[in-house]
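Please read these notes with the model open beside them.

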Amino acid sequence: MPEMIVAYERLHDMGLAHSVEAWVEEGGEQILAGGLYGVELGKVFFGESMFHERPDGSKAALAELVTDLAERGIGLLDCQMPTPHLMRMGARLLDRREFLARVREGTREIRRSIWLSANRTSASQKPA
């Protein structure tokens, strides 16, 4: 697993790997509730993994990610696996031909992006 960490640190330094986190306040301090991370290439976000420390923490982070991607014109979020959880949230399975065509179209122009906001922090930042 150290190779994955190094790879994602490099992708993050390049402005391509991002994490989306959901935080809750408990007892006056911010607690990480859940999140997900992945790679954004052009107009495609490739979700890699989700986690939760509190119930529905990853769901809150995913909902925020979907909103953010739509606002920025990112047209494809690759969830990798069609789980019942994701399907209930509106995901749909694409056949291989359509998926590859959408990836080709969406990744024609690769740009670096830095995500900074109170609700979304980059992988190397801690909440204020």
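1. Which residues make the nonpolar surface patch of about 330 Å²? Met 1, Met 4 and Ile 5 make this patch. Patches take residues with over 30% relative accessible area and no salt bridge; like charges are joined within 9 Å, nonpolar side chains (Val, Leu, Ile, Met, Phe, Trp, Tyr) within 5 Å. Areas come from the Shrake-Rupley method with a 1.4 Å probe, and for residues only the protein chains shown count as cover. Met 1 sits in the segment before α1 (2-13). Met 1 is exposed, at 69% relative accessibility. Buried means under 20% relative accessible area, exposed over 50%, partly exposed in between (1.4 Å probe, protein chains only).

2. The model is predicted: local features need pLDDT of at least 70, side-chain atom pairs count only at pLDDT 80 or more, and totals for chains, interfaces and linings use all residues. Residues are numbered from 1 along each chain as its sequence is written, and side-chain values use heavy atoms, without hydrogens and water.

3. Confidence is given as pLDDT (the predictor's value for each residue, from 0 to 100). The chain mean is 86, and 86% of residues reach 70 or more. Residues 116-128 stay under 50. Where pLDDT is low, the predicted coordinates should not be read in detail.

4. The order of elements from the N terminus is α-β-β-β-α-β-α-α. Helices (H or I, at least four residues) and strands (E, at least two) are DSSP runs, numbered from the N terminus.

5. The largest nonpolar core has eleven residues, among them Val 20, Phe 45, Ala 61 and Leu 86. A nonpolar core is a set of buried Ala, Val, Leu, Ile, Met, Phe, Trp, Tyr and Cys residues joined through side-chain atoms within 4.5 Å. β1 (17-26), β2 (29-41) and α2 (57-71) each supply at least two residues of this core. The most come from α2, with four. Beyond its neighbours within four places in sequence, Ala 61 contacts (heavy atoms within 4.5 Å) residues including Val 20, Ala 22 and Leu 36.

6. There are seven salt bridges, each a side-chain nitrogen of Lys or Arg within 4 Å of a carboxyl oxygen of Asp or Glu. Glu 26 pairs with Arg 54 at 2.8 Å between the closest N and O atoms. This pair joins β1 to the loop between β3 (44-52) and α2, 28 residues apart.

7. Arg 72 and Glu 40 also form a salt bridge (2.9 Å, N to O). Glu 40 is buried, with a relative accessible area of 0%. Arg 72 is partly exposed at 28%. Shared partners join Glu 40, Asp 68 and Arg 72 into one salt-bridge network.
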